[in-house]
Amino acid sequence: MQIRRLTYFDYRKLKKLVSYLCTDDNDKLAKSIMEEPVGFLNAIMPLSLKFKSESFILVDKKEILGLITITTTPGNPHKINITRLIFKENLYEIGKQLVDFVVQKFGSKGALSFSVIIDECHDELFNLFINGCGFRQCASETLWKTEKPIPEKSDLRWRYAKDSDAKKVAQLYNSELINMYKPSLQRYEKEFQEVFFKGLTDVYKMRYVIEDENNILAYFSITTSDNLNYILDMTINSGYEIDYNKIINIMLCEIAGKKRAFYPLIKQKKYVKNSEKFGEFLQSQGYKPIQTQQILVKDFYKPIKEESANWKVFILGENQVTQG
């Protein structure tokens, strides 16, 4: 068996692997995974300059048995995110080999931590990553939706975020983290700046701030990877009373100005100080929680835990939504 980078010539083999998933559109899924021409350029870049996701496959006798996709964190290449994991039913060791492969490969290039976001109902994936690959449960996020979003103009004063705001935004974000989550989830200034290859990245992101006398009181963002589903995320200084509804309406109007049909999903970060208050607000406004995701983290220098013998994994990634 061999683990190597996915190439354009693997399309038919990949389509065969994906067909076992019985999704609504296997061909579309396979095409979305395939490397684009710029993928080769991205592959030879150092961690600090990578701008797209990368996929690796485990091949045995010309058949693809599994696939894993990773991406670096914009502004912090030392943090690697595992965004997709696919392998045939009962081939649990394949999944473990793929995860261990990317940890070792990118760890040798300078990566210090790895993370994966898993739906809370996927017990099998927890067994794979925690018991098999040495990840630990860190925090969680919940996505909320509304059936019929109606954008309304807001009188709240806001502006588009600039790279020069990054330091203050990072300070705001880190100050709002609950203390127990800070070691794993704190973010750096560069993570709030525009990426160098913005037009070639897998996601599109719009960023905004609300300020008062040169102080950033709120930072919020809109992120999409398919121009249909949009993640609305906000970080607000817990010492100020700012109307959540007004911020949400700003983002809805921004999307509506570009798209006629879209599905907004609001992120509730369970690891920030105002999480409970924000959840109560969303519930009172008729929003419905549709998915709670667990954030699992592995520090490269920590030993791998003992392997579990009862894994049963199929796919990770296609029901995940890009973070804002």
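A residue is called buried when its relative accessible area is under 20%, exposed when that area is over 50%, and partly exposed in between. In the predicted model examined here, Asp60 has a relative accessibility of 27% and therefore counts as partly exposed. Asp60 belongs to strand β2, which covers residues 54–60. When neighbours within four places in sequence are left aside, the contacts of Asp60 are with Met1 and Leu65. Ile3 stands 57 residues from Asp60 in sequence, while the C-alpha atoms of these two residues are 9.0 Å apart in space.

For the protein as a whole, nine helices and 13 strands were assigned, and 49% of the 324 residues are buried. The accessible surface comes to about 16,700 Å², and carbon and sulfur atoms account for 50% of that area. Of the contacts between residues at least 6 apart in sequence, 69% join residues that are at least 24 apart.

The average pLDDT of the protein is 85, with 83% of the residues scoring at least 70. Confidence is highest in helix α6 (residues 166–176), at a mean of 97, and lowest in strand β13 (residues 315–316), at a mean of 57. Over residues 302–308 the pLDDT stays under 50, and for this stretch the model has 20 contacts beyond four places in sequence.

The buried residues of α8 are Tyr244, Ile247, Ile248, Asn249, Ile250, Met251, Leu252, Glu254 and Ile255. An α-helix has 3.6 residues a turn, so residues three or four places apart point the same way. Among the elements that cover the buried residues of α8 are strands β7 (159–160), β8 (204–212), β9 (215–224), β10 (229–236) and β11 (263–269), together with helix α9 (275–284).

Aromatic side chains were considered next. A pair of aromatic rings is described by the distance of the centres and the angle of the planes. With ring centres required to lie within 6.5 Å, the count comes to 14 aromatic pairs. Ring pairs link Trp158, Tyr160, Tyr208 and Phe220 into a cluster.

Methods. Residues are numbered from 1 along each chain as its sequence is written. This is a predicted model: local features need pLDDT of at least 70, side-chain atom pairs count only at pLDDT 80 or more; totals for chains, interfaces and linings use all residues. Side-chain values use heavy atoms; hydrogens and water are left out. pLDDT is the predictor's confidence in each residue, from 0 to 100. Helices (H or I, at least four residues) and strands (E, at least two) are DSSP runs, numbered from the N terminus. Contact means heavy atoms within 4.5 Å. Rings of Phe, Tyr and Trp (its six-membered ring) pair if their centres lie within 6.5 Å; planes under 30 degrees apart count as stacked, over 60 as edge-to-face and the rest as tilted. Buried means under 20% relative accessible area, exposed over 50%, partly exposed in between (1.4 Å probe, protein chains only). Accessible areas come from the Shrake-Rupley method with a 1.4 Å probe; for residues, only the protein chains shown count as cover.
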